[in-house]
Amino acid sequence: MVTQIISTMETQVSNGPSGTSLPNGPVISTNGSTDDSKTNLIVNYLPQNMTQEEFKSLFGSIGEIESCKLVRDKITGQSLGYGFVNYVDPNDADKAINTLNGLKLQTKTIKVSYARPSSASIRDANLYVSGLPKTMSQKDMEQLFSQYGRIITSRILVDQVTAGISRGVGFIRFDKRNEAEEAIKGLNGQKPLGAAEPITVKFANNPSQKTGQALLTQLYQTAARRYTGPLHHQTQRFRLDNLLNASYGVKRFSPITIDSMTSLAGVNLTGPTGAGWCIFVYNLSPEADESVLWQLFGPFGAVTNVKVIRDFTTNKCKGFGFVTMTNYDEAAMAIASLNGYRLGDRVLQVSFKTSKQHKA
DNA sequence: TTGAATT
């Protein structure tokens, strides 16, 4: 897990005592500039294939957005896996952190936190560390580096097959570049207490700095995905098995094969109407909200929109909602896995939305 | 044995 060590104290200080909070608008400081320290969020660890539209849809479900941006590579246009959301209301920013931080989307667990004020001093503050003792934990590593400054994130890479054994390699991101520089001076080539070998500490490569070959491969794969039609059944079966084996915290109740799902195609479906495939979710609790739908469907692929249908007067969920997913195979897998899924004391009914159900 | 954290 990533760790963030940013004291709220600093956020308070940067806001300053002179800021004026308007009832329905941004906080304006006395020098006239907009203070977005309580409304502007950074979102990390987004799935690679998440689009700007999906990003906006997810965070727009919390409250009114002043602006948002999924950060992309300037050359390839590929998502860099993080973005920014600036809300109109600081309360919505707080709510977004409380409800969306830790949300699982496909293979990622997103992180939602306040963005630090942008400045050159916080850039290029990420370190690559190798030669770490295999017994050193993330916490140990942070303890070693924390004497040089405030740590924003840290990670120790682990072996995939042995599930959790340290590879002796990690990353430390400091708040400030000069802190990272001091850590290199102080720790590169040094032996941690009790370690047999010295560690190597240097600035990390920028992950976007790929070889020409890797870049071409990435471009090719992006183009191939864009022009690929519906997958064959065998492929879908393979991907369904992968999904189910990956657990995602989802337990299946009544198994439905992809083949039985695809037999429905073109019969009753609302279809891939521009926006994607609309899914009907029935038997939600009165307390259900949008976040539960993101949590349930997000792991299966690109979700563009979710909606909980509420009673106009009580504002309680009327027991059903809708989810829109971009790709048919991902929608089919979500349905196959979540139809019959037990959520609390309820068993969900999940299907493609049909024109008949829409009349309700 | 290198992960998408400052628009």
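This is a predicted model: local features need pLDDT of at least 70, side-chain atom pairs count only at pLDDT 80 or more; totals for chains, interfaces and linings use all residues.
User: Thanks! Is Asn86 buried or exposed, and why?

Analyst: The general idea is a cut-off: a residue is called buried under 20% relative accessible area. Asn86 has 10% relative accessibility, which means that Asn86 counts as buried.

User: Which residues does Asn86 touch?

Analyst: Leaving aside residues up to four places away in sequence, Asn86 touches Asp36, Thr39, Asn40, Ile65, Glu66 and Ser67. Two of these names come back when you look at polar atoms. The side chains of Asn86 and Thr39 are joined by a polar contact of 2.6 Å. The backbone nitrogen of Asn40 is reached by the side chain of Asn86 at 3.3 Å.

User: Asn40 also sits by the DNA. How many residues surround DNA strand B, and which are the closest?

Analyst: There are 30 residues around DNA strand B, and the closest are Asn40, Lys69, Lys111, Arg116 and Asn205. Sugar and phosphate make up 36% of the atoms of DNA strand B that come within 4 Å of the protein.

User: Which parts of DNA strand B lie by the side chains of Lys69, Asn126 and Lys202?

Analyst: Take them one at a time. For Lys69, a polar side-chain atom lies 2.4 Å from a sugar or linking oxygen of DNA strand B. For Asn126, a polar side-chain atom is 3.1 Å from a base nitrogen of DNA strand B. For Lys202, an N or O atom of the side chain is 3.1 Å from a base oxygen of DNA strand B. Several elements give two or more residues to the surface near DNA strand B: strand 4 (40-44), strand 6 (79-87), strand 10 (126-130), strand 11 (151-158) and strand 12 (166-174).

User: What classes of residue make up the surface near DNA strand B?

Analyst: That surface has twelve nonpolar, ten polar and eight charged residues.

User: Lys111 was on your list of the closest residues. Where is Lys111 placed?

Analyst: Lys111 belongs to strand 9 (residues 111-114). At 9% relative accessibility, Lys111 counts as buried. Its C-alpha atom is 4.9 Å from that of Asn101, and Lys111 and Asn101 are ten residues apart in sequence.

User: What describes a pair of aromatic rings?

Analyst: Two values describe such a pair: the distance of the centres and the angle of the planes. The whole structure holds ten aromatic pairs. One of them is Tyr82 with Phe84, an edge-to-face pair with 6.2 Å centre to centre and 85° between the planes. Tyr82 counts as partly exposed at 27% relative accessibility, and Phe84 counts as partly exposed at 29%.

Phe280 and Phe322 have ring centres 5.7 Å apart and planes at 45°, so this pair is tilted. The pair links distant parts of the chain, with Phe280 in strand 15 (residues 276-282) and Phe322 in strand 17 (residues 317-325), 42 residues apart. Phe280 and Phe322 are buried. Together with Tyr282 and Phe320, they form one aromatic cluster.

User: Which charged end sits over the ring of Phe322?

Analyst: That of Lys353, 5.0 Å from the centre of the Phe322 ring. Elsewhere, the charged end of Arg177 sits over the ring of Phe203, 4.1 Å from the ring centre.

User: Last one: why is helix 10 (residues 328-338) described as largely enclosed?

Analyst: Count its buried residues. Eleven of the eleven residues of helix 10 are buried, so the helix is largely enclosed by the rest of the structure. Among them are Tyr328, Asp329, Glu330 and Met333. After helix 10 comes Gly340, whose phi is positive, near 90°.

Methods
Residues are numbered from 1 along each chain as its sequence is written. Chains are lettered from A and ligands numbered from 1 in the order in which they are written. Side-chain values use heavy atoms; hydrogens and water are left out. A residue is near a molecule or strand if one of its heavy atoms lies within 4 Å of it. A polar contact is a pair of N or O atoms within 3.5 Å; within protein, one must be able to donate a hydrogen and the other to accept it, and residues adjacent in sequence count only if both atoms are side-chain atoms. Helices (H or I, at least four residues) and strands (E, at least two) are DSSP runs, numbered from the N terminus. Ala, Val, Leu, Ile, Met, Phe, Trp, Tyr, Cys and Pro count as nonpolar, Asp, Glu, Lys and Arg as charged, and the others, Gly among them, as polar. Buried means under 20% relative accessible area, exposed over 50%, partly exposed in between (1.4 Å probe, protein chains only). Contact means heavy atoms within 4.5 Å. Rings of Phe, Tyr and Trp (its six-membered ring) pair if their centres lie within 6.5 Å; planes under 30 degrees apart count as stacked, over 60 as edge-to-face and the rest as tilted. A charge sits over a ring if NZ of Lys or CZ of Arg is within 6 Å of the ring centre and within 35 degrees of the ring normal.
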